[in-house]
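Hi,

Here is the structure I promised to pass on to you. Please have a look, and find my notes below it.

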Amino acid sequence: MTEILEIKDLQVLAGDKLILKNISLKINPGESLALMGANGAGKSTLVRALLGDEDYKIKSGQITFLGKNLLSLKAEERAKLGLAFVWQQPPVIKGVELFTLLNLIQEIHDGDYDYQLADALLFRELNNNFSGGEKKIAELVQVLNQNPRLLVIDELDSGLDIENKKIVLTALKKELKKRKIALLIITHSGAVLEEIKPQKIAILRQGKVICQSRDIKKVLNTIKQYGYQKCENCQNRL
Amino acid sequence: MAIKNVKTVKTAYKLLDHHLEEILSLSGSVVMSSAEAWDKYIWTRKYFINKPKEGYFIWIKEQPDCSLLSCIALDKPGTKQELNNLIVIEAGLYVDLTGTCESTGFLSELKLANKRHHQSRGKLVLRKGSSLYYQHLHNWDKQDQVSTDYQFFLEEGASLEYTYKIETAAASMNLLAQMHLAKGARSDLKILADCQQTNINLTDIAYLEGAGANAISTLRIVGRKGAQVQARSKIIAQAAAKGHLDCAALMLDKKAKLGLIPELMVENPDAQLTHEAFIGKLSAEQILYLRSRGLTAKEAEDLILRGFLSE
């Protein structure tokens, strides 16, 4: 099977500090990969490298997305190719309503995801005083209108109460399946993974991928019992 | 404030250089030149001070069934407009007014002596419980010189929403807007300025003269190449009233010079005044966010600026 995303020997610097150290990951079309790791492990740096954030310098390595060299593409070109991000902390954009941005996104990507949002959310200033649930719902309707091939989600459940978590997860699972969207989900929550049921899990520690496995349950149990350090000795690597 | 029962827009007054192109005959109201008003209504002299050379007088005596438009334009090289306007809105009435001030021709190739000047003084009187929704739009040539001086008198319970928007700036612009608020009056002033190759001085002052008055002043400035802007925003509370200043500017060019001076003055212990001020550059995080949605960097910047200037 041809990978939708292949990260090979990637090294990324934040300022002068080397954060990601030779990481390699693969995601196949329609496949879900969960990425876990303690705070400071480098998860968000990987997201920034995928986004094309110029504050994060690629020291070496490759990222191939749908057969193209992702690192040679601008952030907007990556989006147009089908790489979409659910931001953990989406910025407030003063004077711009969610509705305005959704219209632009639909125009750019020929998006047709039928969102049914309350006017109170649609016509509010983007991300300004959105509750945790509203933020995630607003993010999801945006990315689903980007016609993504790969969705990158950074901390889906942060700021979500139980009720909203269920709504968001149900909508996400349905669309992933219906549209055959691949997923890279970064999370600290085993409960989210029980719902999403990813095919693979990878553990990031001190900037390195220390474990990749298809036995999600075993990896989660190991982390729960012994912490991330134990994953270095995992016998269930891919 | 929602626009209620307003179906059409009628041009109340249209002036090109010194030539009166159009004046509206409005049922239940008076629209005429300021000079005529000086002669016909003696009471207007306390507002005009001297007999006006040009400008308009609009006296709304009954509820209009339309929005009003005033158009002032500069065309010929060397024109020096000296407008003196007076608008009076009687008690309990609501008026929706748009004023456009613009250049119709460009002077870029002409000599300094042929520069055009637009000088406008205005007094707007809002009688008890009346409301004015006023959008004042400016589009000038980069050689023009502009000076506007407006005073608003809000009687008890009157309300004003005034947006002064500089879409294209003149070579130099001076704006003075002063609001006098009586008991329970409310004003919401927005000054939105997109500035390039210009030298601008903006001053707005709200005088909270009556108990329960409430003034909000919002200032949004975008400083592009060659922009030099000084903006002073001030509230003086003489009564138990409330006011808030919200000043923000974005610098898009490293050689632009922007100054924001918020000032609060309290002369009554029961008054509450607050302010916030910010000058900075476009947020890289906001731009990246929009680019991750597929907008180009230029489209992202334009959207952010459009939002900033529409707040």
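Let me begin with chain B, where the C-alpha centres of domain 1 and domain 2 lie 29 Å apart. This is a predicted model, so please read everything here with that in mind. The two domains of chain B cover residues 8-283 and 284-311. Where they meet, domain 1 of chain B contributes 15 residues to the contact and domain 2 of chain B contributes 11 residues.

Next, the nonpolar cores. The largest one holds 93 residues, and the members that touch the most others in it are A:Leu50 and A:Ile203. Domain 1 (8-283) and domain 2 (284-311) of chain B each give residues to this core, so it lies between them.

Leaving aside residues up to four places away in sequence, A:Leu50 touches A:Leu5, A:Ile7, A:Ile63, A:Leu70, A:Arg78, A:Leu83, A:Phe85, A:Val152 and A:Leu184.

Now to the fold of chain A, which has eight helices and 12 strands. Four of the strands form an open sheet in the order β2-β1-β4-β5 (chain A), and their pairing is antiparallel. At the edges are β2 (17-27) and β5 (68-69) of chain A, each pairing on one side only. Helix α1 of chain A, residues 43-51, packs on this sheet and touches β1, β2 and β4 (56-65) of chain A. The direction of helix α1 makes about 110° with that of β1(A).

To see how they line up, find A:Glu6, which stands opposite A:Lys26 in β2(A).

The C-alpha trace of chain A spans about 50 × 40 × 35 Å along its principal axes. Its radius of gyration is 18 Å, which agrees with the value near 18 Å for a compact globule of 238 residues. Of the 238 residues in chain A, 51% are buried. As for contacts in chain A between residues at least 6 apart in sequence, 70% join residues at least 24 apart.

Best wishes

Methods. Residues numbered from 1 in each chain as written. Chains lettered and ligands numbered in written order. Predicted model: local features only at pLDDT ≥ 70, side-chain atom pairs only at ≥ 80, totals over all residues. Heavy atoms only, no water. Core = buried A, V, L, I, M, F, W, Y, C linked by side-chain atoms within 4.5 Å. Buried < 20%, exposed > 50% of the residue type's maximum accessible area, 1.4 Å probe, protein only. Domains from an automatic or database assignment. Contact = heavy atoms within 4.5 Å. Pairing = 2+ DSSP bridges. Helix = DSSP H or I, 4+ residues; strand = E, 2+ residues; numbered from the N terminus. Axes fitted to C-alpha atoms, helices over the stretch in contact; angles between N-to-C directions. Rg over C-alpha atoms; globule rule 2.2 N^0.38 Å.
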